[in-house]
Amino acid sequence: MGKYILKRILYLFITLLIIITATFFLMKRLPGTPFDSERFSQMPPQQQKQLLEKYGLDQPVSVQYLKYLNNLVHGDLGVSFFYTGRTVKDVIFGRIWPSVLIGLQAVLLGLAVGLTLGIIAAWKHNSGIDYFTMVLAVLGVSVPNFVVAALLQYYVGLKWGILPVAFWGTWAHSVLPSIALSFGATAMFARFIRTEMLDVLEQDYIITARAKGLNQFQVLMAHAVRNSIIPVVTILGPIVVNLLTGSLAVESIFSVPGIGSLFVESIKSNDYATIMGLTIFYSAFYILVVMIVDILYSVIDPRIRIQGNKDE
Amino acid sequence: MGKILQVENLHVEIKTELGRIQAVRGVSFDLDKKETVAIVGESGSGKTITVKSVMQLLPSTGSITEGSVRLEGKELTTLSEKEMLKIRGSDISMIFQDPMTSLNPTMTIGNQIIEVLKNHRKDLSRDEMKRRAIEIIDLVGISNPETRFKQYPHQLSGGMRQRIIIAIALACDPKVLIADEPTTALDVTIQAQILDLMKELQEKINTSIIIITHNLGVVANIADRVYVMYGGKIVENGSVEDIFYHPQHPYTKGLLAAVPKLHEKTDKLFTILGTPPDLTDPPKGCPFAARCSYTLKVCRQYPPSFTPFGNHHESACWLHDPRAKRMINEVRNAG
């Protein structure tokens with residue numbers, strides 16, 4: 001197990017290097033520089049040159065790349081071009097917590113509601129709740145979260161006035177964005193566990209369990225759910241990453257100062273250092289979550305053996 | 001000896017999109033203490049549905065429409081689901097055909113055995129349950145029971161898994177053990193071991209066994225009495241000797257003729273031509289009439305009743321009717 005994790009961490013760094021390289025050169029191919037404002041073009045050439053020199057932008061791209069890597073190894077993500085005087089680390093950590101809070105709440109809400117609905121739907125196959133779940137699943141996949149967000153704002157925020165419509169401040173501000181964000185995930189979780197569970201409920205070991213004299217609830221909890229959860233774990237990885245790293249649409253609608261909107265702003269302003277920093281952050285987070293999910297598999301299903309495990 | 005299980009005039013229907021399948025149509029059988037009874041028949045004859053209705057483990061689309069099932073005189077068909085839970089796995093337990101799929105792949109062997117004890121032996125402490133589970137793994141002839149206790153099903157061979165399934169079934173010393181084709185999915189050598197194990201354990205814990213099979217070799221090996229099922233009905237029953245040496249029903253005779261014999265050299269196996277009847281619209285008369293070589297007009301019109309042949313051997317066929325015999329003689333004499 002230890003050997004396996006070490007190997008995965010090695011792969012993580014190789015993957016990151018490839019992503020950094022690709023992003024770096026692609027980004028440099030974007031038209032313009034971080035200094036495309038009118039103020040920059042009105043500067044005397046001497047001053048322009050000084051500015052480019054200060055940030056190392058006068059050097060060939062390959063040299064810039066190597067310098068960036070060197071800094072990165074020393075834990076330095078550089079200084080933001082847009083937020084003058086602030087390091088990229090500062091900028092990212094200043095914006096990350098709202099996204100993480102909303103994302104985490106959305107994942108937990110999605111899991112709780114989605115799994116419960118999916119399990120009941122499979123158990124009561126072809127009943128009212130089953131049809132309800134399927135309708136919800138189709139809606140969840142096809143209705144974009146900004147539509148849900150707008151509806152929530154209008155009814156819950158404006159008409160009924162239960163929760164704040166937008167902006168960031170107290171925990172109450174995080175509720176509506178979390179619900180809007182969780183909608184799609186809820187539908188996915190419900191659909192995946194329902195499908196898998198319908199299959200599992202037909203398995204021979206379910207009859208064995210019933211023949212033992214277990215009641216329906218025991219059969220469901222002890223035998224059906226655990227065997228149905230693998231596909232959910234598979235999609236859990238990407239969903240967690242997507243939700244935790246912030247959704248641009250939801251963050252914009254609720255004016256949440258999150259990381260999703262930061263990414264878009266940094267690209268618009270050619271803020272090289274911030275783009276790179278966020279890319280590395282996103283990728284590393286994604287790869288880590290996928291790795292955790294892979295390890296989770298073997299915890300849930302003993303048949304999935306991890307390489308380097310000498311049990312079998 | 002008192003009857004431990006009595007099934008009378010059992011009718012089971014299963015709803016499907018094609019209509020109601022009358023899977024079991026008036027089946028009666030009984031089981032003595034410590035007796036082993038085999039129910040024999042081809043696929044779709046209703047044997048599995050029959051025993052599943054005894055346990056009330058029918059699929060949600062199936063229901064018992066008529067008849068009674070009595071365990072030591074106690075009617076089971078009218079019991080609530082809650083009361084049935086106490087009987088399943090404790091008084092009556094069941095083992096299934098395919099050991100590869102009948103165990104939960106994500107639960108240890110030990111926990112799968114303990115689960116039964118938790119439900120039916122609430123007097124035992126957690127430690128006693130563990131001890132009992134290890135004891136019973138040992139009882140079904142698996143070495144290193146402590147190690148096996150912690151293992152998962154995929155770490156065991158098919159034969160061992162079937163032993164574990166038997167261990168689960170016998171954990172609470174059931175009065176009746178139902179075995180639904182317990183050896184079909186196993187290698188021939190393992191089959192014999194499993195049958196021997198079942199016989200040995202039957203002696204030890206005084207249980208009665210109903211074994212479902214289409215393998216007549218298994219029947220000869222383990223059963224005291226045999227019920228032959230066809231088209232949702234029992235067509236003949238009797239002791240193993242009577243069924244093997246003095247079969248009366250044409251279907252039973254056909255089944256026996258279809259068993260390959262070691263000492264005879266033949267190119268072709270005997271087969272019963274045709275297919276079993278469609279039970280969404282079962283035949284009015286004898287279910288076997290369409291495939292029988294001796295069909296009479298009456299066979300298609302009216303169901304035959306049982307004719308006794310002594311020693312609890314009976315067969316349901318119109319050929320046993322004295323009128324049929326008289327007629328056959330007349331035809332022969334005339335010819």
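1. A residue is buried here if 20 or more other C-beta atoms, placed from the backbone, lie within 10 Å of its own. By that count, 33% of the 312 residues of chain A are buried.

2. Quick caveat: this is a predicted model, where local features need pLDDT of at least 70, side-chain atom pairs count only at pLDDT 80 or more, and totals for chains, interfaces and linings use all residues. Residues are numbered from 1 along each chain as its sequence is written, and chains are lettered from A and ligands numbered from 1 in the order in which they are written.

3. Chain A has 14 helices and zero strands (DSSP runs: H or I of at least four residues for helices, E of at least two for strands, numbered from the N terminus). The C-alpha trace spans about 85 × 60 × 30 Å along its principal axes.

4. On contacts (C-beta atoms, placed from the backbone, within 7 Å): of those in chain A between residues at least 6 apart in sequence, 75% join residues at least 24 apart.

5. Now one helix pair. α11(A), residues 230-244, packs on α14(A), residues 272-300, at about 165 degrees with the axes 9 Å apart (axes are lines fitted to C-alpha atoms over the stretch in contact, and angles run from 0 to 180 degrees between N-to-C directions). That makes the two helices roughly antiparallel, the label for angles over 145 degrees.

6. Who touches whom? Among the residues making the contact are I230(A), V233(A) and L236(A) from α11(A), and F285(A), Y286(A) and V289(A) from α14(A).

Terms used:
A residue is buried if 20 or more other C-beta atoms lie within 10 Å of its own, exposed if 12 or fewer, and partly exposed in between; C-beta atoms are placed from the backbone. Two residues are in contact if their C-beta atoms, placed from the backbone, lie within 7 Å. Angles under 35 degrees count as roughly parallel, over 145 as roughly antiparallel, 65 to 115 as roughly perpendicular and the rest as oblique.
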